[in-house]
Amino acid sequence: MHASRERNAGLALALASAFAFGGSGVAAKPLIEAGLDPLHTVWLRVAGAALVMLPIAWRHRDLLTRRPALLAGFGMLAVAGVQACYFAAISRIPVGVALLIEYLGPALLLLWVRFVQRRPVTRAAVVGVVLAVGGLACVVEVWSGLGFDPIGVLLALGAACCQVGYFVLAGHGADGDDAADPLGVIAYGLLIGALVLTAVARPWEADGRVLGGGAEVAGTAVPAVLLVGWIVLVATVVAYVTGVVSVRRLSPQVAGVVASLEAVVATVLAWVLLREHLSAPQIVGGAVVLVGAFIAQSSTPVAASGPVAGGAGVVTGAAEGDLAAERATV
C-alpha cells in the first residue's frame, strides 16, 4: 500500500513538472521577440530561481564537500545547458518543434550506450530509436530541404544531449546513507548554472527597457515582469523541484516517459497563445517521436546488473559509478 501511494505521488509530481516545464517556452518567446536576448532570458530564469532557492542551498551546504561532482554536473548540464540551448533554439524555430527535437534525448542516450560504452541494447530500445529518428525527419520536414533554421535544430539537439544529463543526474545518489537531498541538488544546480550563465550571457548588457514594457501573448500585451515571474517561479522552481522529487519516487526512465508530456503541453500552448501551427506531417512526426521516446525509456534491461541496456535506468547506474570515481579524485 505504501509503495502504491509513493508511486502515485511520484506520478502526480512528474505530471506537475511536465506541465510547469511545458509553459516555459510560451512565456519566454514573447520576451525574446520583444527584444530580450535568449541568453539574457535564460539568465533571468536561472538566476531568479537560484535566488528563491538560496535558503535551501544554505541549509544543505554540506553537499558542496560531499557531492561536488554531482552539483557541478547538474548545474552545467541539467540547468545551464538545457535552458541555454532550448531558449536559443526557440528564438529560431517554433516552441513545439524545439521540444520534440529535445525529446530525442532517450535515443541519444541509447546510442551512447551502444557505440561509446559498447554495450548491447534491447530490441525494443532499437525500435524506439528508429521511431524517434523517423519522427524527427517528419517534424523538421527533411523532404523540403529542412524546413527550419539548421542552427535552431542543432541547438535543440544540444538541449536533447543535456536532457540526458538531467535525468541521469536527477536519479543519482538517491539510495544509501549518503543520499543527496534532491532540493539541495536543485538549489546548488541553479546557483552553479547561474554562475556559468553570468559568465556566458553577460547580463549587464541586457536591454532593461524590455523588462519595463510588455510583450504580446495571444494578441494581448502582457507586462514583461509577469512573464519573467512565471518563468522563474513556475517554469523553473516548481518544475525542477517536482521533476527531481518525482525521479526519486519513481525512476529516471518512468519519470522521463511522463515528462514527455511536456512536449505536448508546450505544443498546444504555443498553438493557442503564439499561433505556431504545425502541419499534419509534423503532428504525426511529433507523435512518432514521443512514441519512440516512450519505448526507448520504458524498455528495461534483463537484469539491473546485467550487460544489456534498455533504458535510462541502466545508464544511470553506469553514470553513478563514473561520478563516484570522479568524486574520489576531487
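Biologist: Is E276 buried or exposed?
Modeller: This is a predicted model: local features need pLDDT of at least 70, side-chain atom pairs count only at pLDDT 80 or more, and totals for chains, interfaces and linings use all residues. Residues are numbered from 1 along each chain as its sequence is written, and side-chain values use heavy atoms, without hydrogens and water. Buried means under 20% relative accessible area, exposed over 50%, partly exposed in between, with a 1.4 Å probe and protein chains only. E276 has 14% relative accessibility, so it counts as buried.

Biologist: Which residue forms a salt bridge with E276?
Modeller: A salt bridge is a side-chain nitrogen of Lys or Arg within 4 Å of a carboxyl oxygen of Asp or Glu. For E276, the closest N and O atoms of the pair are 2.8 Å apart. The partner sits in helix α2 (residues 24–33), 247 residues away from E276, which lies in the loop between α15 and α16 (280–298). That partner is K29.

Biologist: Why does K29 count as buried?
Modeller: The cut-off for buried is under 20% relative accessible area. K29 counts as buried because its relative accessibility is 9%.

Biologist: How many salt bridges does the structure hold?
Modeller: Side chains of opposite charge can pair when their charged atoms come close. One of the pairs is R66 with D62, at 2.8 Å from N to O. R66 is partly exposed at 27%, and D62 is partly exposed at 35%. The total number of salt bridges is five.

Biologist: Which residue forms a salt bridge with R202?
Modeller: R202 lies in the loop between α11 (182–201) and α12 (208–212). Its phi is near 50 degrees, a positive value in a residue other than glycine. With the closest N and O atoms 3.1 Å apart, the partner is E205.

Biologist: What is phi of A218 near?
Modeller: A218 is in the loop between β1 (214–217) and β2 (220–223). A218 is partly exposed, with a relative accessible area of 31%. Its phi is positive, though the residue is not glycine, and is near 55 degrees.

Biologist: Which helix gives the most to the nonpolar patch?
Modeller: Patches are made of residues with over 30% relative accessible area and no salt bridge; like charges are joined within 9 Å, nonpolar side chains (Val, Leu, Ile, Met, Phe, Trp, Tyr) within 5 Å. This patch is about 660 Å² and includes L15, F19 and W271; areas come from the Shrake-Rupley method with a 1.4 Å probe, and for residues only the protein chains shown count as cover. α1 (2–22) and α15 (261–273) each supply at least two residues. With five residues, the top contributor is α15.

Biologist: How many residues of helix α7 are buried?
Modeller: Helices (H or I, at least four residues) and strands (E, at least two) are DSSP runs, numbered from the N terminus. α7 spans residues 95–102. Its buried residues include V95, L99 and E102.

Biologist: Which residues does L39 contact, leaving aside neighbours within four places in sequence?
Modeller: L39 is in helix α3 (residues 38–52), and is partly exposed at 26%. Contact means heavy atoms within 4.5 Å. By that rule, the residues are A84, V200 and A201.
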